[in-house]
Amino acid sequence: MAYFLQQARRVAWSSLGELDRPSPSVKRLSRSVSRLALIEALEQDGCVIIKDFTNQATVDKANDEVRPWLDQQDTGVTVGALQGKTRTVTRLIAKSATVREQWYADTLYQDLCEHFLALETTHWYGARPVTTTSHPLLSIAISFDIPPGTEAQGLHRDDKNHHARHHPADEYTKGRDVLLGLFVPGVDTTVANGATRVVPGSHLWGDDQPDFGCDGDKGVVDVELQVGEALIFLGSLYHGGGAYKKPLGTAKEGTRESRTVYAMFSCTGVSRQEEISFLSYPVEEVRTYSPLVQDRLGWKQSEPNLGWVDLKSPEFLLKSG
Ligand SMILES: O=C(O)CCC(=O)C(=O)O
Ligand SMILES: [Fe+2]
């Protein structure tokens, strides 16, 4: 049913002239809206905010789990786009059960990953058509914590890592993207503390140099998020961390003087994962994770025939031992 509705809306959509189409924006939707409404927002804008994705108590729990790792970081990590100031916590799937099981495994996010990233392909085996499905994988789970003085990142597409190429398009076609990101803030994010900046609609742009205007902010929207909200966006969307402009000593009493965001990305099941899951998460730990997370880390093979051990889907290794 959803499929036919979607097709009908698509016909209606493509019959609208360019000028009649709503201009891209960042919509704030509740998790109770239909999956179709979320899919349409992502197709039109490249991103969507879920206003009731999680809640303060769950965010507090994740912050408590991750804080010890954050406190160990100094500010000297120099990783390309990360400006040398951003603190990161990697291997987040192991370090925070909340990030792993409450947010990454969230059914709404996983349904959207399945919609945008699952690959269903029919090939011929002699005269017999064979249809197989490859489900998404976790590409990376990391926290970005930016302290006062951090400059804004250059606007970029995260699918650069996968050498993704993009044809300019007026409307979205399934299979365009290789990544879907989920950002859950650990604190309220504001323009002053470096809220993520996005360019809605830029997921439909091609690969020519983007025009962000002479001030570099044409079409840019600051995604200010309250604790409990989350941003979901396609890997082809131009975005970047904002500048932390607030002076030192102005954070709320008892809160960290930094902007923390928990970032999770899924990729297609035939893409290389950004974080090497098998070296980052030892098998003894993976055995304690939910079956969905085990699959998404790569412990179930992609059909047909990718990611096996001894020609078998590797989940048998989770059972022994
Ligand atoms: O910190 C942010 O808001 C975004 C970080 C980001 O986009 C990146 O490091 O690729
Ligand atoms: Fe990014």
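Modeller: Let's start with Val-89, which stands opposite Ser-143 in strand E6. Thr-88 has a facing residue in E6 too, namely Phe-144. Before we go on, this is a predicted model, where local features need pLDDT of at least 70 and side-chain atom pairs count only at pLDDT 80 or more, while totals for chains, interfaces and linings use all residues. Residues are numbered from 1 along each chain as its sequence is written, and chains are lettered from A and ligands numbered from 1 in the order in which they are written.

So what holds E3 and E6 together? They are joined by 3 bridges and run antiparallel (strands pair if DSSP finds at least two bridges between them). Strands (E, at least two residues) and helices (H or I, at least four) are DSSP runs, numbered from the N terminus.

Now zoom out to the whole sheet. It is open, has 7 strands with mixed pairing, and reads E1-E2-E10-E7-E12-E6-E3. E1 (28-29) and E3 (87-89) are at its edges with a single partner strand each, so one side of each has no neighbour in the sheet.

E6, covering residues 137-146, has 9 of its 10 residues buried, so the rest of the structure largely encloses it. Buried means that 20 or more other C-beta atoms, placed from the backbone, lie within 10 Å of the residue's own; 12 or fewer is exposed, and in between is partly exposed. E6 also runs antiparallel to E12, with 9 bridges joining the two. One of these links has Ile-140 partnered with Phe-265 in E12.

Next comes a helix. H3 (residues 56-72) lies across E3, E6 and E12 (259-267), running at about 115° to E3. Such angles run from 0 to 180 degrees between N-to-C directions, and axes are lines fitted to C-alpha atoms, for helices over the stretch in contact. Contact means C-beta atoms, placed from the backbone, within 7 Å.

Which residues of H3 are buried? They include Val-59, Ala-62, Asn-63 and Val-66. The buried residues of H3 pack against E3, E6 and E12, and also against helices H4 (92-95) and H5 (97-104).

Finally, look at H3 beside H5: their axes are 8 Å apart and they pack at an angle of about 145°. H3 brings Thr-58, Lys-61, Ala-62 and Glu-65 to that contact, while H5 brings Ala-97, Thr-98, Val-99 and Gln-102. Ala-62, then, is both buried and part of the contact with H5.

Terms used:
Two residues are in contact if their C-beta atoms, placed from the backbone, lie within 7 Å.
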